Amino acid sequence: MAHEEVQASHRRLTGKHCATSEKSAHGNGTFRQWAAKNLDLRQADIVAGYEDGACAATELEANVEAARVAFSSGDLVQARTDLRKVATLPTMPLLQTQLPSIETLKQLRDSLPTNARKVFDEVAQEANESPVLEGL
């Protein structure tokens with residue numbers, strides 16, 4: 001459910017910015033170009049990705065939130081599954097868009113009890129070259 005809530009929030013944000021973009025005079029540029037000029041980098045990456053089908057930023061944030069909720073609830077099986085989804089995303093958003101997710105995961109890991117931290121660390125170690133889980 002947490003995953004879907006993040007996606008719904010990003011859909012609403014995209015709709016709001018698409019409406020604003022349509023009202024502005026941005027010439028022959030794309031929505032992605034408009035977003036890059038008018039929004040902070042994270043928001044631009046999210047809304048442009050939703051509009052043009054490159055949803056890497058939304059998928060990353062949705063999977064991180066799902067893992068956070070699963071760890072918080074003590075469901076380590078689901079937490080492992082959700083964290084693996086972070087580790088295996090086929091496409092990653094811009095580095096600047098990854099940074100908030102990396103920080104969230106660092107804080108999450110630091111707050112976990114020993115048994116949950118062990119699960120987190122196992123998944124992170126298995127995540128060969130995942131830019132988000134690397135070095136956590």
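**Figure 1. The whole chain at a glance.** A residue is called buried when its relative accessible area is under 20%, and by that cut-off 41% of the 136 residues in this protein are buried. Please keep in mind that the model is predicted. Its secondary structure comprises 7 helices and 0 strands, giving the pattern α-α-α-α-α-α-α along the sequence. The C-alpha atoms fill a box of roughly 55 × 25 × 20 Å along the principal axes. Among contacts with a separation of 6 or more, 63% link residues 24 or more positions apart.

**Figure 2. A closer look at the largest nonpolar core.** This core has 22 residues, and the members that touch the most others are Phe71, Leu83, Val86, Leu105, Phe120 and Leu133. Helices α4 (56–73), α5 (76–87), α6 (95–111) and α7 (114–126) each contribute at least two residues to this core. A second, separate core holds 10 residues, including Leu13, Trp34, Ala44 and Ile46.

**Figure 3. The surroundings of Val86.** With neighbours within four places in sequence set aside, Val86 is in contact with Leu60, Asn63, Val64, Leu105, Ser130, Val132 and Leu133. Two of these partners, Leu105 and Leu133, are listed with Val86 among the core members that touch the most others.

Figure 4. Thr58 is found in helix α4. Is this residue buried or exposed? Thr58 is buried, because its relative accessible area is 1%. Apart from neighbours within four places in sequence, Thr58 is in contact with Val6, Gln7, His10, Ile46 and Tyr50. One of these, Ile46, also belongs to the second core.

How values were computed:
Residues are numbered from 1 along each chain as its sequence is written. This is a predicted model: local features need pLDDT of at least 70, side-chain atom pairs count only at pLDDT 80 or more; totals for chains, interfaces and linings use all residues. Side-chain values use heavy atoms; hydrogens and water are left out. A nonpolar core is a set of buried Ala, Val, Leu, Ile, Met, Phe, Trp, Tyr and Cys residues joined through side-chain atoms within 4.5 Å. Buried means under 20% relative accessible area, exposed over 50%, partly exposed in between (1.4 Å probe, protein chains only). Helices (H or I, at least four residues) and strands (E, at least two) are DSSP runs, numbered from the N terminus. Contact means heavy atoms within 4.5 Å.
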